[in-house]
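Reader: I would like to learn how to read a structure of this kind, starting with the ligand and moving on to the strands. Could you take me through the features one at a time?

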Amino acid sequence: MINRFRLIGIMGVIGILVACQQPGTPKSQYDTSTSVKMDSATFAGKVDGKDVHLYELKNKNGVQAYFTNFGARIVGLWVPDKDGNLCDVVLGFTKAADYHNPKEPYFGTIVGPFGNRIAKGTFKLDGQTYNLPINNGVNTLHGGFKGVHFANWSVKSSDESSITFAYTLADKAEGFPGNIAMEVTYTLNDQNELMISYQAQSDKKTVINLTNHAYFNLNGEGSGTILDHQMQIFADRFTPVDSTLIPTGELKQVQGSAFDFTSVKTIGQDINADDQQLTYGKGYDHNFVLSKQTEGEWYKAAHVVGDKSGIVMDILTQEPGIQFYSGNFMNELVQLKNGTKDSFRTGFCLEPQHFPDSPNQPSFPSTELNPGQVYQTKSLYRFSVK
Ligand code: BGC
């Protein structure tokens, strides 16, 4: 059983873990982080009057994934580096209450019911206009002020290798039509793969675009910028945006531009190129249109290597796009698990999803969900070393 009760015991024994380090082993050369203390007793608390807990999944290789019901978030993910030491590759907090903060940049959370932006917070369905909270300049971002990221999800089920969180967003609560019942299942297997499965149903026609907003640093949380990470994105095109980061509708070829990640390059290689799109995003903050190179039932989305840790993350998905955000708005507003701040570009997000503003863009793949239909999608994060 993976639940919080077992966790109390485990964390009591482990006590203090150091990023990228197994207890008792020397720090890796690249590791500049300080000690991380994460235990369920410290983490747990009440948010909005409801209990929030820490949950753990562990596989036979020692990979440890931590979650909370607040936002159905990933709060820690310890994977082996090239020397076999465990490294926490996602950014987050040691306490549940720290996640309930408007300055908190969606660490590890599920965003929805419509992740990413909707232009001017409005869209039409069957001739009816719906207005959403405007929380990002002139637009709606990640479902509004509360969305599902500041919601207390319940634990629907759990076993040795998976945990399912559930939450129903009430009709019009964030402006979206329908009582939208959502479920997110995290599954960790012995191939060091973390799969996220999403499901949703609504009693009225609505729009849906769920994704996870984890910030990764494959050299370890708090170990510096992500600019030397090597990255490949399996996309020949991306969706250029206007100055408010709403897609123009064009699907633009990446070839010959800073957006060409079709072969491996560092995140930082072209990030300062003279390109209006990079000016608008203050770096990369764009949706890439996946070229649909398949691997079994999956589309290959991205391949990333931590330059110091040798940790490799491959993302596979069933979604048509992936938002690559290079942490451009990170500005030392919060304190991470290991005591460092969320400094500029010390984490990156790769969010498998439908394209931003799809409800207003008829040429994009549809994000509509009808009553009686079941929305289902999944993404896989595979960890290995190089
Ligand atoms: C968006 C960024 C935004 C960030 C917030 C990303 O998904 O693309 O523009 O600043 O979320 O953390």
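Reader: How far is an oxygen atom of the ligand from an N or O atom in the side chain of Gln-323?

Author: First, a word on the source: this is a predicted model, in which local features need pLDDT of at least 70, side-chain atom pairs count only at pLDDT 80 or more, and totals for chains, interfaces and linings use all residues. Residues are numbered from 1 along each chain as its sequence is written, and side-chain values use heavy atoms, with hydrogens and water left out. A polar contact is a pair of N or O atoms within 3.5 Å; within protein, one must be able to donate a hydrogen and the other to accept it, and residues adjacent in sequence count only if both atoms are side-chain atoms. Here the distance from the ligand oxygen to the side chain of Gln-323 is 3.2 Å. For Asp-285, a side-chain N or O atom is 2.4 Å from an oxygen atom of the ligand, and for His-142 a polar side-chain atom lies 3.0 Å from a ligand oxygen.

Reader: How much of the area that the ligand exposes when taken alone does the protein bury?

Author: Accessible areas come from the Shrake-Rupley method with a 1.4 Å probe, and for residues only the protein chains shown count as cover. The ligand alone exposes 310 Å², of which the protein buries 94%.

Reader: Which residues surround the ligand, and how do the residues of that shell divide into nonpolar, polar and charged?

Author: A residue counts as near a molecule or strand if one of its heavy atoms lies within 4 Å of it. The ligand is surrounded by Pro-105, Tyr-106, Arg-117, His-142, His-213, Tyr-215, Asp-285, Gln-323, Tyr-325, Phe-329 and Glu-351. For the classes, Ala, Val, Leu, Ile, Met, Phe, Trp, Tyr, Cys and Pro count as nonpolar, Asp, Glu, Lys and Arg as charged, and the others, Gly among them, as polar. The shell then holds five nonpolar, three polar and three charged residues.

Reader: What is the order of the strands in the open sheet of five strands?

Author: Strands (E, at least two residues) are DSSP runs, numbered from the N terminus, and two of them pair if DSSP finds at least two bridges between them. The order in this sheet is β22-β21-β24-β28-β29, with antiparallel pairing. Its edge strands, each pairing on one side only, are β22 (252–253) and β29 (349–353). Within the sheet, β24 (residues 285–290) and β28 (residues 321–325) run antiparallel and are joined by five bridges, and Asp-285 has Tyr-325 in β28 as its bridge partner.

Reader: How many bridges pair β16 with β15, and how many pair β16 with β17?

Author: Strand β15 (residues 162–169) pairs with β16 (residues 180–188) over eight bridges in the antiparallel sense, with Leu-169 and Ile-180 as bridge partners. β16 also pairs with β17 (residues 193–202), again antiparallel, over nine bridges, where Ala-181 is partnered by Gln-201. The hairpin of β16 and β17 has four residues between the strands, and Asn-192 there takes a positive phi near 60 degrees.
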